[in-house]
Amino acid sequence: LSDRVRLSVQEVEERGPWPQTTIGGRLVYRGLPWGYELTSVIHGILEAGAAEPALSPSSLAVLGALDRDVTLEVFVTPT
């Protein structure tokens, strides 16, 4: 529907957290987004494509002051 969305399918032999979806080059969703988890993936796509981040200017300032890269892992489970 858009040249801004790209699908790349890669078959791998090694064990790992497959399938995985990468959004915006940096946000990775591992597993199948079923039910409520699909909302998290859609929200990630919307945030990655937004002109301005949804974070407040003070949050952006704190993140900009970090002196190294930080990896966050968020676990989503059905309730």
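1. By residue class, the lining of the second largest pocket has 10 nonpolar, 8 polar and 2 charged residues (Ala, Val, Leu, Ile, Met, Phe, Trp, Tyr, Cys and Pro count as nonpolar, Asp, Glu, Lys and Arg as charged, and the others, Gly among them, as polar). The model is a predicted one, in which local features need pLDDT of at least 70 and side-chain atom pairs pLDDT 80 or more, while totals for chains, interfaces and linings use all residues. Residues are numbered from 1 along each chain as its sequence is written, and side-chain values use heavy atoms, leaving out hydrogens and water.

2. The second largest pocket holds about 940 Å³ of space (a pocket is an open set of points on a 1 Å grid, for a 1.4 Å probe, with protein on both sides within 12 Å along at least five of seven lines; lining residues have an atom within 4 Å of a point). Its lining is made up of 20 residues, of which Arg6, Leu7, Thr21, Thr22 and Ile23 are the closest to the centre.

3. The largest pocket has a volume of about 1600 Å³. Among the 29 residues that line the largest pocket, Arg26, Leu27, Val28, Leu72 and Val74 are the closest to its centre.

4. Strand E2 (27-30) and helix H1 (36-49) each supply at least two residues of the lining of the largest pocket, and H1 gives the most, with 7 residues. Sorted by class, this lining has 17 nonpolar, 5 polar and 7 charged residues.

Definitions and conventions: Grid points are joined across faces, edges and corners, and a volume is the space filled by probe spheres set on the points. Helices (H or I, at least four residues) and strands (E, at least two) are DSSP runs, numbered from the N terminus.
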